Amino acid sequence: MSTRDRIVTAAAGVIRDRGLARATTREIALAAGLSEAALYKHFRDKTDIFLAVLGERGPTTLVAVLGGLPGRVGAEPVAAVLREVVLAAVDFYEHGFPMAGSLFSDPALFAAHRTRLRERDSGPQVPVEALAAYLAAERRLGRVAAGADPAAAAGLLLGAAFQRAFLGNFTDTGDAEAFATALVETLLTGLRP
């Protein structure tokens with residue numbers, strides 16, 4: 001295992017246990033069996049480490065699912081693709097909340113995190129943009145209603161997945177598969193009688 005991989009693996013454990021705001025680079029280095037200086041040879045700051053944890057050590061497939069959307073345009077049923085996106089998003093948000101929740105309790109860390117996300121052209125808007133691009137491509141093929149707003153639909157799907165993950169911290173939210181199916185069917189059917 002490379003030094004970078006050791007850092008990311010150790011950081012995943014420390015951040016899961018302590019939350020991002022309370023996890024320190026010193027603790028991460030100790031868990032990886034390295035010096036703090038070794039961390040900074042591979043990562044600019046704690047935000048870089050956190051983003052690597054989310055992208056590389058999360059038990060989620062969201063990044064891969066979103067990355068594969070362009071190749072699925074016109075090739076698979078829209079409902080099946082959207083359902084997979086919702087399930088991946090729910091999984092991502094469920095695993096990300098415990099790690100990132102404490103970020104909001106530290107204004108300085110939160111500000112630094114936002115700055116780093118902007119620098120990397122990353123952040124929570126990226127999944128919405130990727131899904132909206134997919135829906136727009138499907139709309140051009142006539143597989144999504146001409147009057148549908150791809151950005152609004154993407155926001156509704158991912159926002160609902162986010163809410164479900166958030167509420168899951170407080171109450172039983174039920175079966176994710178049933179949730180994804182009902183959500184996609186409702187969106188595709190619409191609410192008009």
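This is a short tour of the structure, one selection at a time.

**The whole chain**

Start with everything shown. This is a predicted model. The chain has 193 residues, and 39% of them count as buried. Color by secondary structure. You will find 11 helices and zero strands. Along its principal axes, the C-alpha trace spans about 60 × 35 × 30 Å.

**Stop 1: helix α1**

Select residues 3-18, which form helix α1. This helix has 16 residues. From first C-alpha to last, α1 reaches 22 Å, close to the 22 Å expected at 1.5 Å a residue. Which residues of α1 are buried? They are Ile 7, Val 8, Ala 10, Ala 11, Ala 12, Val 14 and Ile 15. Next, show what lies over them. The cover includes α2 (25-32), α3 (36-42), α4 (46-56) and α7. Then step past the end of the helix. Gly 19 follows α1, and its phi is positive, near 85 degrees.

**Stop 2: helices α7 and α9**

Select residues 78-100 for α7 and residues 125-140 for α9. Two packed helices are described by the angle between their axes and the distance between the axes. Here the axes come within 12 Å and cross at roughly 175 degrees. An angle over 145 degrees counts as roughly antiparallel, and α7 and α9 are therefore roughly antiparallel to each other. Show side chains at the contact. From α7, pick Val 78, Val 81, Leu 82 and Val 85. From α9, pick Leu 131, Tyr 134, Leu 135 and Glu 138. How many of the contact residues of α7 with α9 are nonpolar, polar or charged? Seven are nonpolar, none is polar and one is charged.

**Stop 3: helix α8**

Select residues 107-119, the helix α8. It has 13 residues and reaches 18 Å between its first and last C-alpha. That is close to the 18 Å expected at 1.5 Å a residue. Highlight the buried residues of α8: Leu 109, His 113, Arg 116 and Leu 117. Where do they sit around the axis of α8? They cover an arc of only 100 degrees, so they are on the same side of α8. Bring in α4, which is part of what covers these buried residues.

**Stop 4: Asp 121**

Move on to Asp 121, in the loop between α8 and α9. Most residues other than glycine have a negative phi. What is the phi of Asp 121? Its value is positive, near 50 degrees, in a residue other than glycine. Is Asp 121 buried or exposed? Exposed means over 50% relative accessible area, and Asp 121 has 63%, so it counts as exposed.

**Stop 5: Gly 142**

Finish in the loop between α9 and α10 (150-167), where Gly 142 is found. Gly 142 is exposed, with a relative accessible area of 59%. How far apart are Gly 142 and Gly 74 in sequence and in space? In sequence they are 68 residues apart. In space, C-alpha to C-alpha, Gly 142 and Gly 74 are 9.4 Å apart.

Note on methods: Residues numbered from 1 in each chain as written. Predicted model: local features only at pLDDT ≥ 70, side-chain atom pairs only at ≥ 80, totals over all residues. Heavy atoms only, no water. Axes fitted to C-alpha atoms, helices over the stretch in contact; angles between N-to-C directions. Helix = DSSP H or I, 4+ residues; strand = E, 2+ residues; numbered from the N terminus. Parallel < 35°, antiparallel > 145°, perpendicular 65-115°, else oblique. Contact = heavy atoms within 4.5 Å. Nonpolar A, V, L, I, M, F, W, Y, C, P; charged D, E, K, R; others polar. Expected span 1.5 Å × (residues − 1). Buried < 20%, exposed > 50% of the residue type's maximum accessible area, 1.4 Å probe, protein only. Arc of directions from axis to C-beta.
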